[in-house]
Amino acid sequence: DPAVQDGSPVLRCSSLEAEFDDVVISASDYAGSPEEIAMERPPVQVTTIPQVRGQATGFFHVEKHGDIWWLIAPNGEGFYAIGTDHCRFSGHWCEKLGYAPYERVTREKYGTPEKWAEEATRRLKSWNFNLIGAGGDPAARYRGLAHTEFISFGSSYAAIDPLVKQVHWTGFPNVFSPDWPRWCDKLAYRYAKANRADPWLFGYFLDNELEWFGKSGKDVGLAIEAAKLPPDNPAKKALVDLLRRRHGTIEALNQAWGAKYASWEDLAHATELSGTNEKTVHDDLMAFVAEAAELYFRVTAEALKRHDPNHLNLGCRFAGWAPEPAWRAAGKYCDIVTFNYYGGVDLDTETADGLPDAWVRYYELCGRPMMITEWSFPALDSGLPCTAGAGMRVDTQEQKARCYEVYQRLIFSLPFMVGSDYFMWVDEPALGISSTFPEDSNYGLVNEQDEPYEVLTATATRVNAMAYWLHSGLAPDIQVRHVQRRDGKIQALVANTGGSEAECDVAFVVNGEKAETVRARVGAGQEVWVAMTRSPNPPVFVRAIADPDRKLAEKRWDNNRADLVDAAGVPWPQPPAGQWLARIPGWASTGTLGFLDGVVVSVPADALRAFGPPEQIARRLVAFDAAGQPLPCQLEPWDDGWRVAVKIPHLPADSG
């Protein structure tokens, strides 16, 4: 008879739960590498970066050009992966409703998954996405977007033989089991049979968010879980064997740990391992985590390479941080190391400065190109509860779009990042997905009526197009360094510290209203003065904004503006002597003043000396609005003197 090439034994028992054991499976005559499934596929035509040239292998791969990692498409041209997750006809199931709300809409609107996929992929390409990320619908394949496959080596095995049990999450497989390699080989064989010759396949995700910290949340969590297992479990045996190799005798372990185990057998029966010398205990348990990570990544990688040497190993999508040995093992065996990271953005400064440090640390540990495979910012004006699920909440779609821009620009600009998967295609149901997975948040590019979020998708269209320029390091970097009044004119000093010449608008906003826009051209490494042709007298408050429409491909935009408070010649009542350094008079405006979020009063050094040394002034410094409410302020060094920075949040019209 023909060989049974994959499968699992099953006991079918209709509507009742049952357990069975004492099952024996016999196998002989290894079936060999899979035959490729013949399939007609259109030629690969995905959006590439022709300026980057690599080897044309017929499949996606990674290359390092100088200090920058690049993806290379099958035709040898550069490719930066810009995807979105869970783009599928069915959307999300809702347990409380008993159906998937999005699927009811798509079935009514399109009829078939194929008709839906035609429109969904058209939209994604128009928004400058080029990849169907995790959980994509097969109907969306071969329509101008690369796609991924999800194997789930570890989570599927954890359902059978766990090191960390699956409860409401993924668990962690018992990689010490003698059956683990055979399991991985079987799954790799199955996926390779269908995909080995597919040039549209970007690569394979091994897993998603395995429980690398166990249930304890500690970096030695896998060792803590192994200790709970019975003595004859392969993981428990491996833990005891590792400790025996590291210490030799139980007496030596007791001395090193500050413990009192009677024998190795006594330790094998213990369900908690501890000692007074916490660092030594931690180091030994971390060595076990390193062995588990080695077995997980080596066995899965070898199985994939054996059956499909053509496609990228995309790692296991760490849930943000993972124990250090896991990063090192991932870098040793994966082509790309993937992780999910829901970071925050400071909407006042439009920066995410804490993120690069964390991501650089990941890269230092793994040494391989990286890809962030989930990130998002649910907005509370969507009508969804947004009570469950990861991500920083924002108030509006406009704020969500600004966060998208800051996050995506940052990812593109890092030399070790080769891809970004936004989470995700469609919103989750308002009633949540299920009792054990109650997510109900606004993650989507489209809502459950299949309507795009216009502000978000317009921002994505503009920002996604910047990937090459930001990643190559050739993008300009415009800064407005200074605004001043000179020779009766208001001037802004505009600098370009980037890698290419830039031409952009410089908008001058006076007293809260747009006054004038001037065009500026700034070469790489140069700076120019840009002046208003009609300078108001007195201007009182001026803000100069370079590239106000954010058309330039820049890593960050928060330094594209600078302010001037020029109150010369403005009459006001004299305050009591010695009390005030400066006052900003009131003004009226019919326009928005929301940008007045950080007025800076420049105070010449001579003006400060009358009030004492700066450190004394800093201790006495206070600021108030016209109603007498205190405002945050501080004294800062500035050029040849000092300045007072005052925080004025969303100043209303007709206020002082």
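Let's start with S155 and the residues around it. Setting aside neighbours within four places in sequence, S155 is in contact with Q166, T170, D207 and L210. Keep in mind that what we're looking at is a predicted model. The serine itself sits in helix 3, which covers residues 153–158. Is S155 buried or exposed? With a relative accessible area of 16%, S155 counts as buried, because the cut-off for that is under 20%.

Now let me zoom out to the whole chain. There are 656 residues, and buried ones make up 53% of them. The secondary structure comes to 16 helices and 25 strands. The accessible surface is about 30,000 Å², and carbon and sulfur atoms account for 51% of that. How far apart in sequence are the residues that touch? If we take contacts between residues at least 6 apart in sequence, 65% of them join residues at least 24 apart.

Helix 4, residues 180–195, packs against helix 9, residues 278–307, at an angle of about 35°, and their axes are 8 Å apart. The crossing of helix 4 and helix 9 is right-handed. Which residues make the contact? From helix 4 we have W180, P181, C184, D185, A188, Y189 and A192. Helix 9 brings L295, Y296, V299, T300, A303, L304, R306 and H307. Sorted by class, this contact between helix 4 and helix 9 has 11 nonpolar residues, 2 polar and 2 charged.

On to helix 11, which runs over residues 354–366. Its buried residues are L355, P356, A358, W359, Y362, Y363, L365 and C366. Just after helix 11 comes G367, and this glycine takes a positive phi of about 70°.

Last topic, and I know someone will ask: the cysteines. As a reminder, a disulfide is a covalent bond between the sulfur atoms of two cysteines. How many disulfides does a search of the whole structure find? The count is 0. Take C316 as an example: the nearest cysteine sulfur belongs to C334 and is 6.7 Å away. The cut-off for a disulfide is within 2.5 Å, so C316 and C334 are not paired in this model. C316 is also buried, at a relative accessible area of 2%. C386 is another buried cysteine, with 6% relative accessibility.

That's my tour, so over to you for questions.

Notes. Residues are numbered from 1 along each chain as its sequence is written. This is a predicted model: local features need pLDDT of at least 70, side-chain atom pairs count only at pLDDT 80 or more; totals for chains, interfaces and linings use all residues. Side-chain values use heavy atoms; hydrogens and water are left out. Buried means under 20% relative accessible area, exposed over 50%, partly exposed in between (1.4 Å probe, protein chains only). Helices (H or I, at least four residues) and strands (E, at least two) are DSSP runs, numbered from the N terminus. Contact means heavy atoms within 4.5 Å. Accessible areas come from the Shrake-Rupley method with a 1.4 Å probe; for residues, only the protein chains shown count as cover. Axes are lines fitted to C-alpha atoms, for helices over the stretch in contact, and angles run from 0 to 180 degrees between N-to-C directions. A crossing is left-handed if the near helix is turned anticlockwise from the far one by less than a right angle, and right-handed if clockwise. Ala, Val, Leu, Ile, Met, Phe, Trp, Tyr, Cys and Pro count as nonpolar, Asp, Glu, Lys and Arg as charged, and the others, Gly among them, as polar.
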